Amino acid sequence: MRAALTWRDKAEQCIYDLAFKPDGTQLIIAAGNRLLVYDTSDGTLIQPLKGHKDTVYCVAYAKDGKRFASGSADKSVIIWTSKLEGILKYTHNDSIQCVSYNPLTHQLASCSSSDFGLWSPEQKSVSKHKTSSKITCCSWTNDGQYLALGMFNGIVSIRNKNGEEKVKIERTGGASSPIWSICWNPSRDEHNDILAVADWGQKLSFYQLSGKQIGKDRMLNFDPCCVSYFTKGEYILLGGSDKQVSLFTKDGVRLGTIGEQSSWVWTCKVKPDSNYVAVGCQDGTISFYQLIFSTVHGLYKDRYAYRDNMTDVIVQHLITEQKVRIKGRELVKKIAIYKNRLAIQMPEKILIYELFSDDSSDMYYRVKEKIVKKFECNLLVVCSAHIILCQEKRLQCLSFSGIKEREWLMESLIRYIKVIGGPPGREGLLVGLKNGQILKIFVDNVFAIVLLKQSTAVRCLDMSASRNKLAVVDENDTCLVYDIHTKELLFQEPNANSVAWNAQCEDMLCFSGGGYLNIKASNFPVHQQKLQGFVVGYNGSKIFCLHIFSMSAVEVPQAFTRVRDLRYLELISSIEERKKHGENNNELFLADVYAYQGKFHEAAKLYKKSGHENLALDMYSDLRMFDCAKDFLGSGDPKDTKMLIKKQADWAKNINEPKAAVEMYLSAGEHMKAIEISGDHGWVDMLIEIARKLDKAEREPLSKCAFYFKKLDNPGYAAETYLKVGDLKALIHLHVETHRWEEAFALTEKHPEFKDDVYVPYAQWLAENDRFEEAQKAFHKAGRQSEAVRVLEQLTHNAVVESRFNDAAYYYWMLSMQCLDIAQENEQQKTEMLQKFHHFQHLAEVYHVYHSIQRYTEEPFSFHLPETLFNISRFLLHSLTKETPLGISKVNTLFALAKQSKALGAYKLARHAYDKLQGLQIPARFQKSIELGSLTIRSKPFHDSEELVPLCYRCSTNNPLLNNLGNVCINCRQPFVFSASSYEVLHLVEFYLEDGITDEEAVALIDLEAPRLNKRANKWQEMMSDNAQSLRLDDDTDITEDDDPFTAKLSFEQGGSEFVPVVVNRAVLQSMSRRDVLIKRWPKPLRWQYYRSLLPDASITMCPSCFQMFHSEDYELLVLQHNCCPFCRRRIDESNQ
């Protein structure tokens, strides 16, 4: 028995109980105050279930699979459906210790520290019964009539379905041995109900329903925490303070350890109708094991002995079908049978049995000898007077009294051993080694005889009845038959897993493999019939086959039983058939007869004489007599020589000589086959040699070489091969698959037609590696605008959802620029894309601003001056006149505005903000602050500080702090231009060009700078760079300015509700100073935007990428902090695109 760990997981709390869904697909685990539901196939956590408020101690599934129940220290029981929904909850007065479903009625028993309850879906109430002691465990009988309760005071109480006590089992340990786990045997074959009881007196006991104990107490030497049966009741699982799960027989005989753990095992259960075991531990480890029960057996002629229930041995007579069971009390480790002897190895001894009489049908075995000693061995063999122990390379011969008489040490590991008969005390053994050596050993002789040596490891061996032939199955599943005396290979057949000679007929053997039984009689073709399993013996007309754990006898077709009379029947029948069809070449018929008789050279001469040289070549090829074939050909047709080399290569490949096969295929010009063998064996050097020798015109073999280079992780050689062929597309795909992007980009520069093949997978790779911004740029570069936009939209949405508003602003700005690119390229989508451009630009500004608000409300320290936060809040409220974008909180904005207004003396505005907040749903963390602010603001004057009032630089009107029209002047409707850092109104007025003036002409006129009559004494300096366009003033004196033609244009008709833009003609443009004008040079199809500075003393800087305006000092500080524009993140070292 071997336990293989299938999967393991770790919960944070102790695992007190677990239960399988009856169909075995799900595992419910009690971990802390949650239930964890796992998929048993791979250990995936399907869902955690929360319902209990304290530690869950127990869980049980109903047999019909519709419901399961859990009990907790919070004194409640929850009933759950198979769809993992809680449907009912009831409580006890104390914590719930255990729950169990009746297997027939699905009545639920729930036990607490002071009572137990019985509940079923049909009844509304839970009937509860008091107990004298704390209940620790419970279990229903198979028929659902009785419930056994294990008590902390050491008593087992057996109750009927109504809760009345019928049997009371008082154990010797009493209260000092609390019952910790009980379980009824689920087997239907047992005559009585058997209860397994494990207590903390470290004992395991068994009882009948009547209360009568079965056998004696079994000492465990650890505190057991859980006992459970396999589905059919054949084995018991026990776990506890020894930090492991042990497997016991149903009678309590320990068989072995399933899994050692690092802490106490609180629960272990078997997956229904399987050999899988789940284990839960104190430290939260959940382990899932598969138990693999190996076949322990032995066969001699028609007697087959095998292990049953791990402790018993059954001897089966394969002819009479009689069976006899030898019952044991210990684990059976090895079995050997020979003639009238049977040897059984147990952990601490070997028992040797003999038949009671010499009768061939006698099945009564009695103990002959007992060797009380522990032996470690891989294989066990018994003879008439000896036992042979095999341990790796060592063979030991022991007498039945346990005295070592002889020892042999082999060159390699022993893989197979078999007794082949002989006089009593002088039997012969056939031994097969891993290095391919096959030996014969006599038990009374210290020297081993080497029969033959082959190149592959031995899996199975048998010798023919006359000891003249040897059949071997090697590790490549090939059956090989040798002549023992000449060492000649007589024939070989593939797909074999075991082989056996007929014990009565020299020329007949059978082998199994690939789902077929193959019977070979003399030189006749192999006969096949379907068969599952292994051939283990062949006697007369019966073949014995082992499939999993069952042995069966197969009757052989009768034609094979008289094989000597049928040797030439097939040939005669073939010749007769051919004569009927008009063939009359007697020399050809005679050649066939010679070939059947083994006179191959005579046959070849006759084939040549009759003009059928090809048949002679086929004959030599089939017999692998290639040297004879070459001699026969001499200096004949090169085509025939090539064909012969190819056949020889095929044979070399079949007998596992691939290197020789490759060389032969290359000499025969079969490049593809040579490449396939080299590739399958991973011979990169051979592939390089072939690829470099091949002409570039041979595309198919070269492409195959490249395929294997890729498969064998040698992309450099694959690239070299693709270049040789000139297959640029395959080379590009290779670079893409191996993520060698630099080489791929270099190729696309030379061959732009492959741009899509590189940039699209590159973008996808970047996206998969969470490098979304780079992915978006790559999609954009590949011309996949829709994918680029989709990635950006997803990035934007994620940023908003995750409250990364600065990132959201940046992504919206990028989105707007993408829309502008699409509008440039696609005339049909122009209108839609321009609308999107303006919408995204607006959102970018809004999120950029809200980032500061969110930081102010969420973080303990403010990063902005009160005036800046005041301006930002007002700007945001003015921008949100129509709709509020996702993630932006009006509460946060009004809260910031109210706080800053109050601090700066804008009391009227603060009062308005607090009033607005009263009508909104306020988070609890702001509640007190807002209530206090609303009260204290009433003690302040009902007006705003005049210093804060914004001024329109076009009409010089003072605007209210809260403007219903939004971010425009209430008088002239001129839109305000804001600084993108402090959000103060900038001293800029936007003007428009008169019809007929192009952007280029306008810039040329402004650059002329016509002299004015009263020229300014102060020196303006304009600073132009890739990063910014700035206006600076070097003050000398204060000199008043003449009438400016632009100033005259600022006038408008008072009282109009429509916005009248400032439109300038050529003369006005010419009068302007280039240093006073800022231009947003938008790409087409947008028009440029022109702004005139009305206070040249204050320097303004505009980002040349996003065209956001800043006070120059603010911009320089921000660039120093971030090394980029704070709005569009354009790095200062980037050139202006």
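How close do the axes of helix α20 and helix α22 come, and at what angle do they cross? Select residues 890-904 for α20 and 924-936 for α22: the axes come within 11 Å and cross at roughly 40 degrees. That angle makes α20 oblique to α22, since angles under 35 degrees count as roughly parallel, over 145 as roughly antiparallel, 65 to 115 as roughly perpendicular and the rest as oblique. Axes here are lines fitted to C-alpha atoms, for helices over the stretch in contact, with angles running from 0 to 180 degrees between N-to-C directions. Helices (H or I, at least four residues) and strands (E, at least two) are DSSP runs, numbered from the N terminus.

A quick note before moving on: this is a predicted model, where local features need pLDDT of at least 70 and side-chain atom pairs count only at pLDDT 80 or more, while totals for chains, interfaces and linings use all residues. Residues are numbered from 1 along each chain as its sequence is written, and side-chain values use heavy atoms, with hydrogens and water left out.

Now show side chains between the two helices. On the α20 side, pick Val 891, Asn 892, Phe 895, Lys 899 and Lys 902; they meet Phe 926, Ser 929, Ile 930, Gly 933 and Thr 936 in α22 (contact means heavy atoms within 4.5 Å).

Next, go to the open sheet of four strands, ordered β37-β38-β39-β40 with antiparallel pairing (two strands pair if DSSP finds at least two bridges between them). Its edge strands are β37 (379-382) and β40, each pairing on one side only. From one strand to the next, the twist averages 15 degrees.

Start at β37: four bridges join it to β38, residues 386-391. Pick Leu 379 and you'll find Cys 390 of β38 opposite.

Then select β39 (residues 394-399) and β40 (residues 404-409), an antiparallel pair joined by five bridges. Arg 394 stands opposite Leu 409. The two strands form a hairpin with four residues between them, and in the turn Gly 402 has a positive phi of about 95 degrees.

Last stop: Leu 509, in strand β50 (residues 508-513). Is Leu 509 buried or exposed? Its relative accessibility is 1%, so Leu 509 counts as buried (under 20% relative accessible area; exposed is over 50%, partly exposed in between, with a 1.4 Å probe and protein chains only). Leaving out residues up to four places away in sequence, Leu 509 touches a set including Phe 491, Trp 501 and Tyr 538.
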